[in-house]
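Here is a short tour of one protein chain, written with the model open beside you. Take a look at the sequence and the fold before reading on.

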Amino acid sequence: MTLVKRAYTPGRPVIVVIHGPNLNLLGTREPLIYGQTTLREIDDDLKNHGAELGVSVESYQSNHEGLLVDRIQQTRGTAAGLIVNAGGLTHTSVSLRDAIAAIEIPTVEVHLSNLYTREEFRHRSYLAPVCLGQIVGLGAIGYRLALDALARLVIDERTLSGSRPRTAHSYPIKSHIATTSKKGVARK
């Protein structure tokens, strides 16, 4: 079963959220790993938070790789940003990676759990190299952080240039404070 939730408001940039296999079971599936927040609660929070940020949010969930690829491709030319939690397909799907690369839309990869503290096969993401960034291990709030980042990039870009956002690879991201290789030392 696929789930599409639309919260489109005319004139607002659209951020599409893609949820992969088994995420429809959030709240009941391994709550010690994935938390007790349901997918509906995540989607409702994103829709409401998006309205506060000045963007529309559309959510889509499928357990089928081909349907996820189709939905990602449909965002080309219509969405200003993409948030993807591909679930287990993160570690296996070249097709999802290629779809994200092809659409040329700023994309943030999100995972509820910290992939890098789990089984070794989860340490590799095929999606990360074609995404603007990755948020892992922060639970449901990771989606909200991804939305905050994309909304800011999209709105800032439109304000500055009056055009569509650049591709994920063309954003000059600079942090005000970045850490050096020495632990605990910060530079500006």
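Is isoleucine 141 buried, partly exposed or exposed? In this predicted model, isoleucine 141 has a relative accessibility of 47%, so it counts as partly exposed, since that class lies between the cut-offs of 20% and 50%.

Isoleucine 141 belongs to helix α5, which spans residues 141-161.

## Helix α4 and its buried side

Now let's turn to helix α4, residues 94-103, where the buried residues are Leu96, Ala99, Ile100 and Ile103. These residues sit on the same side of α4, because the arc they cover around the axis is only 95 degrees. The general rule behind such a pattern is that an α-helix has 3.6 residues a turn, so residues three or four places apart point the same way. Among the elements that cover the buried residues of α4 are α3 (65-74), β4 (81-85) and β5 (107-111).

Both ends of the helix deserve a look. The N-terminal end of α4 is capped by serine 93, with a side-chain oxygen 3.5 Å from the backbone nitrogen of serine 95. After α4 comes glutamate 104, which has a positive phi, near 55 degrees.

## Salt bridges

How many salt bridges does the structure hold? There are five, and three of them are described here. Side chains of opposite charge can pair when their charged atoms come close.

One of the bridges joins aspartate 45 and arginine 144, whose closest N and O atoms are 2.6 Å apart. This pair links distant parts of the chain: aspartate 45 is in helix α2 (residues 39-53) and arginine 144 is in helix α5, 99 residues apart. Aspartate 45 is partly exposed at 30% relative accessibility, and arginine 144 is partly exposed at 26%.

Glutamate 104, the residue that follows α4, forms a salt bridge with arginine 76, with 3.9 Å between the closest N and O atoms. Because glutamate 104 lies in the loop between α4 and β5 and arginine 76 in the loop between α3 and β4, the pair ties together parts 28 residues apart in sequence. Glutamate 104 counts as partly exposed at 47% relative accessibility, as does arginine 76 at 49%. Another bridge brings together the side chains of aspartate 98 and arginine 97, at 3.1 Å from N to O. Aspartate 98 is partly exposed, with a relative accessible area of 40%, and arginine 97 is partly exposed at 28%.

Technical notes. Residues numbered from 1 in each chain as written. Predicted model: local features only at pLDDT ≥ 70, side-chain atom pairs only at ≥ 80, totals over all residues. Heavy atoms only, no water. Helix = DSSP H or I, 4+ residues; strand = E, 2+ residues; numbered from the N terminus. Buried < 20%, exposed > 50% of the residue type's maximum accessible area, 1.4 Å probe, protein only. Arc of directions from axis to C-beta. Contact = heavy atoms within 4.5 Å. Polar contact = N/O pair within 3.5 Å; in protein donor to acceptor, adjacent residues only side chain to side chain. Salt bridge = Lys/Arg side-chain N within 4 Å of Asp/Glu carboxyl O.
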